[in-house]
Amino acid sequence: MPDVNMPKLSDTMEEGKILRWLKKPGERVAIGDILAEVETDKANMELEAYDEGVLSEVRVKEGESAPVGAVIAVLAGADDVKPAARPASRPEPAPAPARAEPRPESGREPWRPTVVRRPEAAAEPEGGEAIKASPRARRIAREHEIDLRSLRGTGPGGRIVEKDVEGAIAAGGAAPKKEAETVSAPEAPPRGERRMELSRVRRTTAKRMSESKREVPHFYASSDIRMDEAVRLKATLADLGGEFEGITFTHLVLKAVGIALTRVPEVNASYDGDAIVLHDTVHVGIATAVETGLIVPVVHDCDRQPLGALVRQARALVERARAGRFESADLIGGTFTLSNLGMYPVSTFAAVINPPQAAILAVGAIRDVPVVEGSHVVPGRLMTVTLSCDHRIIDGVIAGRFLAELSGLLTRPLALVV
Amino acid sequence: MPEPRVITFREALREAMAEEMERDPSIFLMGEEVGHYQGAYKVSEGLLARFGEKRVIDTPIAETGFAGVGIGAAMVGLRPIIEFMTWNFSLTAYDQLVNNAAKLRYMANGQFTLPIVFRGPGGAAHALAAQHSQALESLYAHVPGLKVVMPATPADAKGLLKAAIRDDDPVVFIESEVMYALKGEVPAGEHLVPLGVADVKRRGRDVTIVTWAKMLHTSLKAAEELAQAGIEAEVVDLRTIRPLDTEAIFASVRRTGRCLVVQEGWPFAGVASEIITLVVREAFDDLDAPPERVTSLDVPMPYATNLEALVLPSPDRVVAAVRRLLGREQSPARPAAAGGAR
């Protein structure tokens, strides 16, 4: 029947007040459980159990004080339990046992020191271990509202370092601490100007796009592609329905890009400091506007999947993205990006590369234009695409070869369905 | 803009002294063997013939004495350059430097300035054993009132020595025997490098190496090797230990997130300790790893050359420390992800 005594928690402490019992009589107590909060002359402390058993009796009520050494509670049923070593996970040393006299009213054993833990010493309230992260990683995580607990550290000894947090940010932000909300404007905006807090997605876009434009030497190559056949093919496939239901020009371009990338693999690449990384897989991201900003769901294996399957996959992804139900897996692994503004009256534009990818394709609207065929001017349908390339690893000739392949595939689009 | 020519570190120092002595008749050079023997390491070669015995003065082997004479001369308005044959011998005159040179302007409430330069080679050369191989800059940088300057290239040697001679406070100017023959481009004529301004000698994004003097070359070699492995080290040459160019250090560490200090001196209470303390305090939130240092081992220098090589910081040790800071080698391509077009 071990007693629980009022510990001496400071040199000047003579008595302590029980602020709150965290265990009730009848409850099981394990070593290390917090029994009570005690107010001393210096601070509020937590009183940790040194023995295990069942709390059988509480002798000092909440709000009452007891002198150092007094029995404040009794644990029962622990007599046959071997005195276990203190768990190693409690780094706080016990305070030096005070040479307090056993109180006469205890009458049994002299009191034992009780392990005491300051509440503020418990770093993670959820009971997790202290997170090992570099200060830089912590700062960036704070700025992007990334929860460090959701990350795996790859630094020395498993430390979370900058790269790990950047990885999470790139993947759209791991488990967010709190949803970054658009802050509503104050009731009466002073001069017709409102300040919108950046959403997490927007912040990531801002950071990555400035990085890209700052660090990646872009060059641009454009091509006007005859789309007459592709327009007919798309109409035919749309009529067929089935897996082609909801087919768009984006899907046709996606398939054409997939094939062109296998024919000019230098474009399906990443820049990695001292190396060009050529990707064997062809995973194409589709830049997609969502409420909170811009995200890039990735359609896998655009070279191998038949057009119908691509249509299904791309539609599902974009739908999930727009509904805000996308997962981080939807956004990673891209080797190339497609940005299509063809649904707007945009004839041509140049996109910013999504690093570390080597290139991005900007797709404009299909226009009715006069085209010279032999010695005749005929009505034609033209679409202008612009390839932005990372000049560190792609030269103009490669861009030209890629656009030639792409143009060929879209001009005679049967290859996309066979 | 003066034309750069390739000359040695030794010639750059000589040129700095000669140009300044031409410019200002209150400057004189004093020390052991600086005159008739033409300098123990031939730094002052030809200066006696050019400026005469009143301005290039041979002394007995008595560091306390001639350091004190120099301090007295500075107090009454001359601008002495005091040469120690090596900084190891300055320890005899340590009291003169610490208690007189560093303190008199302060204790006289500014009635005197002390425009004096103490110069000579410091650090290890080859097999000079424990008493003659010491890098003592932290001893002098410890003392408020002394400036400590340590060039690593011939151009910096010239520009810094000229600036040190023109400075109105006592300057400890530490050269290196093994760098005297180092060649480099040096502007002819007026070329001043301000005291207290560091110089980034190599740009890099992955780690900052803070260093000075001879260790600059060790660090640059290491940086070359690291570059082969895709690790880009930025090498910051302090040039002046005190006043310390903290902003240059912090700016670099803020970019790279990692800091390594490479010094020739011993680890305990060395300049590296001070730099790392400042970095941890001022750039804490930018650190991606605990700062590291590479120093000489904490022992008196062995005489045996193979052991000497073990004690001194080497490019290999710098490379190893950088790899520790980075945790591992660069991993392959990161996955592409959100962000995107337009």
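Entry 1, strand pairing. I count two strands as paired if DSSP finds at least two bridges between them. Helices (H or I, at least four residues) and strands (E, at least two) are taken as DSSP runs, numbered from the N terminus. I note that this is a predicted model, in which local features need pLDDT of at least 70, side-chain atom pairs count only at pLDDT 80 or more, and totals for chains, interfaces and linings use all residues. Residues are numbered from 1 along each chain as its sequence is written, while chains are lettered from A and ligands numbered from 1 in the order in which they are written.

Entry 2, strand β17 of chain A. I looked up the partners of β17(A) and found that three bridges join strand β13 (residues 284-286) of chain A to β17(A), in parallel. Val284(A) stands opposite Phe336(A) of β17(A). I also found β17(A) joined to β18(A) by four bridges, again running parallel, with Ser339(A) opposite Ala362(A) in β18(A).

I then checked burial (buried: 20 or more other C-beta atoms within 10 Å of the residue's own; exposed: 12 or fewer; partly exposed in between; C-beta atoms placed from the backbone). Five of the five residues of β17(A) are buried, so β17(A) is largely enclosed by the rest of the structure. In a regular strand, side chains alternate between the two faces of the sheet. Here Phe336(A), Leu338(A) and Asn340(A) lie on one side and Thr337(A) and Ser339(A) on the other, and both faces are covered.

I found four bridges between strand β2 (residues 15-21) of chain A and strand β4 (residues 34-39) of chain A, which run antiparallel. Trp21(A) is placed opposite Ala36(A) in β4(A). Over five bridges, β4(A) also pairs in the antiparallel sense with strand β5 (residues 44-48) of chain A, where Asn44(A) is the bridge partner of Glu39(A).

I took residues as in contact if their C-beta atoms, placed from the backbone, lie within 7 Å. The contact takes 42 residues from chain A and 21 residues from chain B. On the side of chain A that touches chain B, the elements giving two or more residues are α1 (135-144), α2 (162-170), α3 (200-215), β15 (293-295), β17 (336-340) and β18 (359-373) of chain A. I note that α3(A) gives the largest share of that side, five residues.

Conventions:
Two residues are in contact if their C-beta atoms, placed from the backbone, lie within 7 Å.
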